[in-house]
Amino acid sequence: MIGLFFSAGAIAFIIMFVWGAVQMILSGGDKEAIAKARSKITWAIVGVALLSLSYLIFALLEYITGFQFFAYI
């Protein structure tokens, strides 16, 4: 179940990042549109950083407790 959430988060990151990049390209030099696109890209990067941090925390808890959070097939 946790792996499904991480996969969904990774897909959301890719979509947000590409969407922000396309908005930036299509902004036509409008400073407000560029700022919105840059904000979208920034939040996508923050989200993937938090996703990575949560993966690290789950991996650490798995190591400490021995409880398997991720099903390795």
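What share of the 73 residues of the chain counts as buried? The answer is 12%, where buried means under 20% relative accessible area, exposed over 50% and partly exposed in between (1.4 Å probe, protein chains only). The model is predicted: local features need pLDDT of at least 70, side-chain atom pairs count only at pLDDT 80 or more, and totals for chains, interfaces and linings use all residues. Residues are numbered from 1 along each chain as its sequence is written, and side-chain values use heavy atoms, with hydrogens and water left out.

The chain holds two helices and zero strands (DSSP runs numbered from the N terminus; helices are H or I with at least four residues, strands E with at least two). Its radius of gyration is 17 Å, well over the 11 Å that the globule rule gives for 73 residues, so the chain is more spread out than a compact globule. That radius is taken over C-alpha atoms, and the rule is 2.2 Å times the number of residues to the power 0.38. Along the principal axes, the C-alpha atoms fill a box of roughly 55 × 20 × 10 Å. Of the contacts with a separation of 6 or more, 45% join residues 24 or more positions apart; contact means heavy atoms within 4.5 Å.

Helix α1 covers residues 2-25. Its 24 residues should span 34 Å at 1.5 Å a residue, and the end C-alpha atoms are 35 Å apart, which agrees. The expected span is 1.5 Å times one less than the number of residues. Within α1, I2, F6 and G20 are buried. The cover over the buried residues of α1 includes α2 (31-65).

K31 belongs to α2. This lysine counts as exposed because its relative accessibility is 72%.

Areas come from the Shrake-Rupley method with a 1.4 Å probe; for residues, only the protein chains shown count as cover. A nonpolar surface patch is formed by M16, W43, V46, L50, L53, L56, I57 and L61, together exposing about 760 Å² of accessible area. Patch residues have over 30% relative accessible area and no salt bridge, and nonpolar side chains (Val, Leu, Ile, Met, Phe, Trp, Tyr) are joined within 5 Å. Helix α2 gives the most, with seven residues. I57 lies in α2 and counts as partly exposed because its relative accessibility is 45%.

Methods: Patches are made of residues with over 30% relative accessible area and no salt bridge: like charges are joined within 9 Å, nonpolar side chains (Val, Leu, Ile, Met, Phe, Trp, Tyr) within 5 Å. A salt bridge is a side-chain nitrogen of Lys or Arg within 4 Å of a carboxyl oxygen of Asp or Glu.
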